[in-house]
Amino acid sequence: ALAAISSYGGGMVRGDRQELSIKVDEGAKLGLITQGATRIYRQAGRLGGQEQQQEQLPSCQSTLHAKVGKDAVLVMAPDPLVPFSRSSFVQRQRFDLDPSASLLLVDWFGAGRVNSG
């Protein structure tokens, strides 16, 4: 099967969290793609009506946990992550593979607005 993961409303901002759990059963083949790049927007600014320093703001977070069964295949080929200036992002990926399983993972990033810093 080939599945496209929907975008997150144009991008992620401070405090956003996404979690994805995937299970590929024995002998199955799954390809996952995205509709477009995931943008991580800048973090500085106001939070709860108060000025906050960058290091005090919560980061955007993305967590992925995949289990790939016996003789199964998982191909993950999302569009790139695009971090903008002064953004903050934490990504965790965990893959539990049966010894006979296969995984192809593309994990890449591109520049945001280069002329803006």
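Two strands count as paired here if DSSP finds at least two bridges between them, and strands themselves are DSSP runs (E, at least two residues), numbered from the N terminus. This is a predicted model, in which local features need pLDDT of at least 70, side-chain atom pairs count only at pLDDT 80 or more, and totals for chains, interfaces and linings use all residues. Residues are numbered from 1 along each chain as its sequence is written, and side-chain values use heavy atoms, with hydrogens and water left out.

**View 1. β3 meets β8.** Here L30 sits across from L74 in β8. The two strands, β3 and β8 (residues 73-76), pair in the parallel sense, with four bridges between them.

**View 2. β1 meets β3.** Strand β1 (residues 2-5) runs parallel to β3 (residues 29-34), and four bridges hold the pairing. Look for A3 opposite L32 in β3, and for A4 opposite I33 in β3.

**View 3. The whole open sheet.** Step back and you get four strands in the order β1-β3-β8-β11, with parallel pairing. β1 and β11 (102-105) stand at the edges with a single partner strand each, so one side of each has no neighbour in the sheet. From one strand to the next, the twist averages 15° (axes are lines fitted to C-alpha atoms, and angles run from 0 to 180 degrees between N-to-C directions).

View 4. Q18 belongs to strand β2 (residues 17-24).
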